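Hi,

Here is the structure I said I would pass on. Have a look at it first, and then read my notes below.

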Amino acid sequence: MVKTLLEVFNEVKYPVVGHGKRNVQVLKDTFDHLSGDIDSDIYGTGKVIEDFQAKIAAYLGKPSAVFFPSGTMAQQIALRQWCDEKGSRKVAYHPLCHLEIHEQDGLRELHHLEPVLLADKDRLITLEDVRQMDDDVACLLLELPQREIGGQLPAFEELEAIAAYCRDKGIKLHLDGARLYEILPYYGKSAAEVCSLFDSVYVSFYKGIGGIAGAILAGEEAFTKQSKIWKRRHGGDLISLYPYIINADQAFDERLSKMEHYYEAAVELAEMYNNCGGLTTRPVVPVSNMFHVHADMPKETFEKVLIDVYEETGIGLTGNVREAGQGSYYEVSLGDRYEGIPKDLLKQAFVRLQAKMNDK
Ligand SMILES: Cc1ncc(COP(=O)(O)O)c(C=O)c1O
């Protein structure tokens, strides 16, 4: 039977993207060296959860933070709260943000909110888009970087101008910071500096940080206190979340300082892609550890090319190609694996990739 791209990718010696496999070994690495006496959290209380919340709140420069099982839950709650406070149902965000395309309309179905889509699908939200927005919008959500367009970022000055405008108009600003750590090297700012522009912030622990799952929602004390009530209403107040929290805490300590390396790796790898005829990256020069690779050939053809390259070189570039008009694309997100890739082999893989593409 012919193997799929994902099957071949899962068997290569050198997968280029991500941190590593998500398997039981991750759990063993997290817990094997720990004392068995550490107590679990219980319904959002206890040292293990409270210490971690305080640590991340301080890192984000916010007075308070709450741990959630998922960003999906945390963000729907954040937007609901800002709407209730203003007495409006309207929130604004990018047409390709996570809430709009990956959450089965949770905001509409669960909270009866009315999202206003700003900007075109293929570009960032600008200050001008925000200026055109109705003043009765309760909250504007910005996703940094904007994942579905390759992980693009506004200039920091534009972000500051948007924040000032929203403050002036009484519109709350919420940060979808699923990849906040990953953009800090490019901005040359601390997390707290970026978060100071926002009224509420969500960050993730399983993307660049590489944990199992989990999210933090941070903001003023009154805001996070209310979010705990919503967490319970959503069924997110699990009796114990400590497996996620302990793992997230370790992954945070281990990988936070590596974000600059991941970013530099993305810049280096994107250049290799852009030197390959028929391929372009978006953005051309990455601003985080991620980018998209666009190919001017259909998905099935591109997959065959990639499978050949993986089988010849042992280098795996992606396990998942998607359709994009006449062509195809995939997302690249770099982590721990990249520095273990022999550079000469990687270069050889790109030589083979070019040759195979020329044959098609
Ligand atoms: C930009 C963005 N926001 C929010 C989320 C939701 O996170 P979670 O999977 O924890 O619900 C994701 C997850 O991929 C994401 O990429």
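How do the axes of helix H14 (residues 299-313) and helix H15 (residues 343-359) cross, and within what distance do they come? They cross at roughly 145° and come within 9 Å. Before going on, note that this is a predicted model, in which local features need pLDDT of at least 70, side-chain atom pairs count only at pLDDT 80 or more, and totals for chains, interfaces and linings use all residues. Residues are numbered from 1 along each chain as its sequence is written.

A few terms: helices (H or I, at least four residues) and strands (E, at least two) are DSSP runs, numbered from the N terminus. Axes are lines fitted to C-alpha atoms, for helices over the stretch in contact, and angles run from 0 to 180 degrees between N-to-C directions.

By class, the contact of H14 with H15 has 6 nonpolar, 2 polar and 4 charged residues (Ala, Val, Leu, Ile, Met, Phe, Trp, Tyr, Cys and Pro are nonpolar, Asp, Glu, Lys and Arg charged, and the others, Gly among them, polar).

Next, helix H3 (residues 47-60) packs with helix H12 (residues 242-255) at about 40°, the axes being 10 Å apart. That makes H3 oblique to H12 (under 35 degrees is roughly parallel, over 145 roughly antiparallel, 65 to 115 roughly perpendicular, and the rest oblique). Val48, Ile49 and Phe52 of H3 meet Tyr242, Ile245, Ile246 and Asp249 of H12.

One is open, with 7 strands in the order S2-S8-S7-S6-S5-S3-S4 and mixed pairing (two strands pair if DSSP finds at least two bridges between them). Strand S2 (64-68) and strand S4 (114-117) are at its edges with a single partner strand each, so one side of each has no neighbour in the sheet. On average, neighbouring strands there are turned by 20° against each other, direction ignored. Helix H11 (residues 221-233) lies across S2, strand S7 (200-204) and strand S8 (215-219), at about 20° to S2.

Another open sheet has 4 strands, S9-S10-S13-S12, with antiparallel pairing. Within it, strand S10 (residues 290-295) and strand S13 (residues 327-333) pair over 6 bridges, and Val293 has Tyr330 in S13 as its bridge partner. Helix H13 (residues 259-274) packs on this sheet, touching S9, S10 and S13.

Last, the ligand: Ser70, Gly71, Thr72, His98, Glu143, Arg147, Asp176, Ala178, Ser204 and Ala215 surround it (a residue is near a molecule if its C-beta atom, placed from the backbone, lies within 6 Å of it). That shell has 2 nonpolar, 5 polar and 3 charged residues.

Cheers

How values were computed
Contact = placed C-beta atoms within 7 Å.
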